[in-house]
Amino acid sequence: DDVTVFAAASLTDALDRVAREWSAETGQTAVISYAGSPVLAKQIGEGAPADIFISASPDWMDELEASGDIRPDTRRDLLGNSLVLIAHGAARPVTVDKTLDLPAMLDGGKLSMAMVDSVPAGIYGKAALIQLGLWDKVAPMVAQSDNVRTALAFVARNEAPLGIVYATDAAAQENVTVIGTFPAGSHDPIIYPAAITAQSDSDQAEAFLDYLSSAPAQAIWRDFGFTVPE
Amino acid sequence: MTLQVRLSHRFVGFALDVDFQTPPGLTVLFGPSGSGKTTVVNAVAGLLRPDSGRIRVGDWLLLDSAARHALPPHRRRLGYVFQEGRLFPHLSVRQNLLYGRWFAPRGASGPDLSRVVDLLGIGPLLDRRPGALSGGERSRVAIGRALLAAPRLILADEPLAALDEARKAEILPYFERLRDEGGVPILYVSHATTEVARLATTVVALRAGRVVAVGPPGQVLGDAGAMGSETASVLSARVAVHDDDGLTRLETAGGAVFVARLDALAGTRLRLRVGSRDVILSRTRPEGISALNVLQGHIVDIAPEDGPNVQVSLALGPDRLTARITRRSATHMSLAPGQPCHAILKAVAVAPEDMGLALPSGQGTGP
Amino acid sequence: MTLQVRLSHRFVGFALDVDFQTPPGLTVLFGPSGSGKTTVVNAVAGLLRPDSGRIRVGDWLLLDSAARHALPPHRRRLGYVFQEGRLFPHLSVRQNLLYGRWFAPRGASGPDLSRVVDLLGIGPLLDRRPGALSGGERSRVAIGRALLAAPRLILADEPLAALDEARKAEILPYFERLRDEGGVPILYVSHATTEVARLATTVVALRAGRVVAVGPPGQVLGDAGAMGSETASVLSARVAVHDDDGLTRLETAGGAVFVARLDALAGTRLRLRVGSRDVILSRTRPEGISALNVLQGHIVDIAPEDGPNVQVSLALGPDRLTARITRRSATHMSLAPGQPCHAILKAVAVAPEDMGLALPSGQGTGP
Amino acid sequence: MIEGLATSLGPAEWQAVRLSLQVGLVATLGSLPLGILVAYALARWSFPGRQMLNGIVHLPLILPPVVTGYLLLVFFGRRGPVGQFLDQWFGIVLSFRWTGAALAAAIMAFPLMVRAIRLAVEAVDPKLEQAAATLGANPVMVFLTVTFPLILPGVVAGAILAFAKAIGEFGATITFVSNIPGQTQTLPSAIYAFLQVPGGEEAAARLVMISIGIAMAALLLSEYVARRVARRMSGA
Amino acid sequence: MIEGLATSLGPAEWQAVRLSLQVGLVATLGSLPLGILVAYALARWSFPGRQMLNGIVHLPLILPPVVTGYLLLVFFGRRGPVGQFLDQWFGIVLSFRWTGAALAAAIMAFPLMVRAIRLAVEAVDPKLEQAAATLGANPVMVFLTVTFPLILPGVVAGAILAFAKAIGEFGATITFVSNIPGQTQTLPSAIYAFLQVPGGEEAAARLVMISIGIAMAALLLSEYVARRVARRMSGA
Ligand SMILES: Nc1ncnc2c1ncn2[C@@H]1O[C@H](COP(=O)(O)OP(=O)(O)OP(=O)(O)O)[C@@H](O)[C@H]1O
Ligand SMILES: Nc1ncnc2c1ncn2[C@@H]1O[C@H](COP(=O)(O)OP(=O)(O)OP(=O)(O)O)[C@@H](O)[C@H]1O
Ligand code: MOO
Ligand SMILES: [Mg+2]
Ligand SMILES: [Mg+2]
């Protein structure tokens, strides 16, 4: 029978593609429910019929591991991502370091981010800005969205001149330019852990989870801008 | 079935305190605007829960606030003609008429739809909705709806007020027949003395929330205290013969009375309302005048009224006939109690709406 | 101001086609239920846009469908007493009464609030809301609201139908005065012949959506075709003297008529409605009877009716008095046109509600 | 236009359309009797806890949909008290089923439905109901033969509002029953999914047009019904 | 209880409460005149485009809030046609401002408001309005002195429904004006933020209680007003 996957919404197009390939190879189907990671984590905690959970941050996977809702032995760090500074339209690249004068670049506009205390992309971004000593000056200019896609949309529509999003998001949007990448050390590594749920009884779950790390899948992930841990 | 009503209820600025008991038949509630008539009817219908009271129809107890007993309206088997119509706007006239039928017990006998429709002249309206009926059409449908509910008690709150005389004259006999068949007690609100005289078995006169007179119409209608200038008498009569020229001769205790041909068998007992101001008195039998009806009796009382008139009561056998004449005439004619006297009525002054079938039993007896 | 109304309008199952013109004063629309009275009034008010028509008050054109002209209702300066009241439920009685005031032009003169409140006896209700008024109270407030709007045209659709006789008797003189002051034309719907006779300058009798008679009440009320059994005459009279015993002597063309004391100066011109069935005829002057009023005239016509009665018309000077008597009496008395004849009326049979102030000018002239 | 769209829809999208219709209809019709009862009770009865009931009915409007969704998940989920009870005694499972989506939609739409019906009940003249009672109709019959026909336009309005809301509901639904294609993925969830995909705007727009089309059809139907009822009552 | 909560709220949360009240009140009161006008037009007038207007009014109900928010962004954003116009001609900027949050809330609440008021208008007997016209009131005065007082309970119901919705609105608001503490962070955004972090439920629950408290107070007030109006009209 089908494998049911609960996956963070930011994976939507890439995971769809991987799942299609898998179907083509094996004749099996993966049914994927995309939503925010916190929602999915809570649903699994309430006994949702998911076989596999792919979270956008380790926090929620930690929660489920602690409550015994996933099989710890199957947990793995599936993907990585990086954080980028984007601008609307064509723009000159900058170096993201302590010298970056964000307020000047914003020129009265907003810096578009995901929610800095709750949504993973926002949490990473805030941490990076703090680490670089830029946060205090720019904090009042931050517009926070409930997900990265909306944060991206503000820049794409030129409502906000700059934004901080995942590299994968930026790659997908034509109207924005990546003008800089945050140094890997400026924030915790961005990791998408995956695991099989405790209540899964699908005999295909393991096969699909393994396929996600297979070479053909990795090619697709990279295509969409993700990094793949060795 | 007797109707027994004791109620007391207080609205801001209006207090109702009534206690009356009336014999079987049709009870008219009579009184000026705002005297509490509709309030009494609503209490009998169960739509108003009075502060305290007791209502009994025959030995059927509808309300006894002391015993905390109050039959809900839908168990009272009513046919209530509301003062304001209250037709169901979403139903056709036909459905309005038949509404009560749905809920009447299987065996209940009521009039035919077609008979009521003919009586009320609402045939062409049956498939219309009440929204665009004229005022009088609405009130006719409201009457029909109540009659067709096969009720055990009819409540009618000024049912004929919006109708012209011709219509009234068609509908009044129906209420008379209902009254005389005796099955269904009727509580009827009216300001019109002709209606009162024709229909009432008993009149309950209200004023400012209190009963000022109860009794048969002959008595209450003659009571200037209750009636003001509208006093009248009620004579009992019997149909004697139908003459060829279209007149019917009635026998009364005071002699023959000719009226326009009546549709009633010889021997039928009737009652005649005679407005006090329509009676002319004469010491001698008058000759050569067009009035055919000259009754003979003797004066029992001459009561002065406020204003220029006096009220002269004649005894015609057991009946009383009152005449309201000017004090000047009474003086000129030197009228005095005990004297024999003639009363002149016009044949055509006793109009159809003033003549009603007499009660088959207990006619005109008080409570 | 003359009132000129031409309307044609079709509802499903009812067609209205009227065309009449009436002189200044009070025009009564008279006719059975469903004959189209309210429809006419609504068209005059601008609430109904007829298929075609033309309505003029004096030289003020309210509607001319040919010229695509229709004044909206709020520019017609109306005081409309609706058949169903239509009081504003969210306003107090006082606010209802004063509603029209707000919109009347600054200079418009209307009656005082206190005067109208006294007339209608609604003083105790002023701070209440209409929701819990009795039927008659509601209709009195509706009358007050219309009168207080300082209207240029009064429309009254059976305004008194829900009221008792005593109340009516208080309100009728007010309409008479309005009519006689002559400022405001009045279109008045009524089924009651007493109201018609007292109030009407002109009667427009409707039947099934068509005009069957137009004319002064003396003429239309005597017309059995329009009136059925309700025919009456209207006599002109002048107040002669107030006697000490509470009677007032009126002079008519047929002689003196005594009535209960009137509150009118000697010399005042009045009109008397005399119901045809209340007149007794006598070839010789009757003696020794209580009726004070014996008028002298001569027979101009004897018209048979359906049924046992005939209608005898007497000429009393310029006035006509009709008596409805039985054919049998007419035969007994050998009545014939041209003969002198006496008519007997009771003093008290001419009740206050049958007496109205005569029109100051153009009294009773037809259209 | 709708046809043009239809041909360009994939099977998953068709499923979403079908599911949304199903969820919308079941949510609306299923909650209607309770909606009428609650509206009638709030309009006409006074009982202890009336204000409490009124408040509870309005809750889904006040709370962010996610919160409602969480609460549903906690109470009606497979491990929640009500969910367990329903499962054990009636074999009804709501969580992660389309039935759950219908429940979420019904609850989110309930305040709108109740308000519309309640306003209609409040506009019914109690004197007409009294008249029916005098003619022998017991309270239930009075309701069925007088009150209900008179509030019908309000009931239709309430049902349409609820249906539109049910078709558009997203936050509580995705939180309660997730976004499982073919099982719980309604039109709004599908639209959400497309909006997560770069370049998915076009596909999302297509589904938006379909949502609008469905809702417009429902609206037109309701206007038609309401007009017919109104025309009848004006007496023509 | 509310007091206990109050002491445990941080300044950011207090700001969210204040802002929510402000957004809710402005959204409700600001859209009320238009809501009454549209409701009246839909109930009483027939004009070309009537069904169209009716559809547009219902749109925010049918569409997932994110879509509505996105459309707002496209049209009312700084670069959007309406946004540019408002900025240039009136100096009104909506994007990233609390005024934008109020606009989003108003638009989301608009269908609820209009439906409630429309039902009330439909229940007004036109014969009363005619009576007012015969007494000299022009159409505007008829509306002000007769129609409006009679629909007041419906207007109050509509306003309360709108206020509750405005207090609870989240999806469209955050998509249109994002979440800037002190400027656009309303209660639902704050609640949402807490729900995104593990262990944030307790803090979220506190804010939920406050939302409920505010809405209940509004509800009770509206019931009180509606009852007073109703009592007056029954004539007591
Ligand atoms: N909107 C309408 N649609 C169809 N028929 C109507 C409409 N309005 C009135 N009618 C019909 O037109 C006729 C005349 O009505 P109208 O109200 O003018 O009568 P009326 O003379 O005032 O009667 P009443 O004395 O009973 O009030 C009636 O038969 C009525 O049913
Ligand atoms: N709910 C109420 N609250 C306050 N007063 C009321 C209420 N209902 C009736 N009244 C008052 O009680 C009195 C009697 O009213 P009722 O309706 O019984 O009069 P009625 O005799 O039927 O008069 P009408 O002939 O005018 O219909 C009136 O003055 C009325 O205003
Ligand atoms: O992929 Mo997320 O959980 O929407 O940031
Ligand atoms: Mg009454
Ligand atoms: Mg009429």
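Start by selecting Gln83(C): in this predicted model, Gln83(C) is partly exposed, with 24% relative accessible area.

Now bring up the magnesium ion, ligand 5. Its protein donors are OG1 of Thr38(C) and OE1 of Gln83(C), at 1.9 to 2.3 Å from the ion. Colour the chain by secondary structure and you will find Thr38(C) in helix H1 (residues 37-45) of chain C, while Gln83(C) sits in the loop between strand E7 (78-81) and helix H2 (93-103); the two are 45 residues apart, so this pair links distant parts of the chain.

Move over to chain B and select ligand 4, another magnesium ion. Here the protein donors are Thr38(B), through OG1, and Gln83(B), through OE1, lying 1.9 to 2.2 Å away. Because Thr38(B) belongs to helix H1 (residues 37-45) and Gln83(B) to the loop between strand E7 (78-81) and helix H2 (93-103) of chain B, the pair ties together parts 45 residues apart in sequence. Check the surface around them too: Thr38(B) is partly exposed at 22% relative accessibility, and Gln83(B) is partly exposed at 25%.

Stay with chain B and colour its two domains: domain 1 covers 3-221 and domain 2 covers 232-357. Their centres, taken over C-alpha atoms, are 32 Å apart.

For a last stop, select Cys341(B), a buried residue at 1% relative accessibility. Then jump to Cys341(C), which is buried with a relative accessible area of 1%. If you go looking for disulfides, how many are there over all chains? The count comes to zero.

Methods:
Residues numbered from 1 in each chain as written. Chains lettered and ligands numbered in written order. Predicted model: local features only at pLDDT ≥ 70, side-chain atom pairs only at ≥ 80, totals over all residues. Heavy atoms only, no water. Domains from an automatic or database assignment. Donors = N, O, S within 2.8 Å, 3.2 Å for Na, K, Ca; no water. Helix = DSSP H or I, 4+ residues; strand = E, 2+ residues; numbered from the N terminus. Buried < 20%, exposed > 50% of the residue type's maximum accessible area, 1.4 Å probe, protein only. Disulfide = S-S within 2.5 Å.
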